[in-house]
Amino acid sequence: MGEGRRISGGVAHRLGTAIVTGRLSPGTLLDGEIEASNKLAVSRGAYREALRVLAAKGLVESRTKTGTRVTPRSRWRLLDPDVLGWFFETAEPDIAFIRALFELRQIVEPSAAALAAERRGAQDLARLKAAVDAMERFTFADERGRQADRTFHDAILRATGNEILANLGDGIGAAVRWTTLFKARFALAPRDPVPEHRGVFDAIAAGDGAEARARMAALVDAAQADIEAAFAAAPAAGVAQAIM
């Protein structure tokens, strides 16, 4: 990444976090280009690029003569990996939003697992097995194990052979990543989720759609129970540092 992209990315991160955490509420008029670039000590070009990034994620809207305003939450691209990350950088994560993520996962992933059991090919099974083996080898305390977890969930969506479901991979993967990091920091006795993942894999490998659906539903339920417990254990402050 070039220096300019890095700087504009930093500005987008700063403003995006302020927006999703409510420090910049919907309807807020952002500073003009000259004032903002001076205040942030960046070039006007870097600031413009940051606004383009935020606009692409639905967080702001720029209009001639009226400037750039924060858009209503209903227009935000909530499954964008960056937007999800910014949500989890607040000192008080929105538990309603976390529950909504798990509702989405519970709607999508069990059905995807059932389809994957019917449609998976040899390459799909190889990718799933490698991911489960890596989770077991590295554990969720290691980034390599957490990456394997994201790969596993993405591989199931791709194994459905449905390109629309596969397109949800980045959003589902980001939800898995951030909730895993959050619960790992605050769970007093972290539960080992690898056996649940292996159970899903075994059902998919056996071509048993009903079993794959049931095991994935149980996996998502258990993950939500973990995050609810982690949320209850989280102190009122310090969450942002814990998940950075």
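**Helix packing, a hairpin and an exposed loop residue**

User: Is the crossing of α6 and α10 left-handed or right-handed, and what makes it so?

Analyst: α6 passes α10 in a left-handed crossing. That term applies when the near helix is turned anticlockwise from the far one by less than a right angle; clockwise is right-handed. This model is predicted, so local features need pLDDT of at least 70 and side-chain atom pairs pLDDT 80 or more, while totals for chains, interfaces and linings use all residues. Residues are numbered from 1 along each chain as its sequence is written, and side-chain values use heavy atoms, without hydrogens or water.

User: Why is α6 called roughly antiparallel to α10?

Analyst: Look at the angle. Helix α6 (residues 122–138) packs on helix α10 (residues 194–205) at about 165 degrees, and their axes lie 10 Å apart. The cut-off for roughly antiparallel is over 145 degrees. Therefore α6 counts as roughly antiparallel to α10.

User: Which residues make the contact between α6 and α10?

Analyst: Contact means heavy atoms within 4.5 Å. From α6 come Leu125, Leu128, Lys129, Val132, Asp133, Met135 and Glu136. From α10 come Val194, His197, Arg198, Phe201, Ile204 and Ala205. This set divides into eight nonpolar, one polar and four charged residues. Leu and Val count as nonpolar, for instance, and Asp and Lys as charged.

User: How do you know that β1 and β2 pair?

Analyst: Count the bridges. β1 (residues 60–63) and β2 (residues 67–70) share four, in the antiparallel sense. Pairing needs at least two bridges found by DSSP. One of the bridges joins Arg63 to Gly67 in β2.

User: What lies between β1 and β2?

Analyst: Three residues separate the strands, which form a hairpin. In the turn, Lys65 has a positive phi of about 80 degrees.

User: What makes Ala41 exposed?

Analyst: Ala41 has a relative accessible area of 70%. Exposed means over 50%, buried under 20%, partly exposed in between (1.4 Å probe, protein chains only). Ala41 is therefore exposed. Its place is the loop between α2 (33–40) and α3 (44–56). Ala41 and Ala134, a residue 93 positions away in sequence, are 43 Å apart from C-alpha to C-alpha.

User: How many helices and strands does the chain have, and how much of it is buried?

Analyst: The chain holds 12 helices and two strands. These are DSSP runs: helices (H or I) of at least four residues, strands (E) of at least two. Of its 244 residues, 45% count as buried. The C-alpha trace spans about 60 × 40 × 30 Å along its principal axes.

Notes
Axes fitted to C-alpha atoms, helices over the stretch in contact; angles between N-to-C directions. Parallel < 35°, antiparallel > 145°, perpendicular 65-115°, else oblique.
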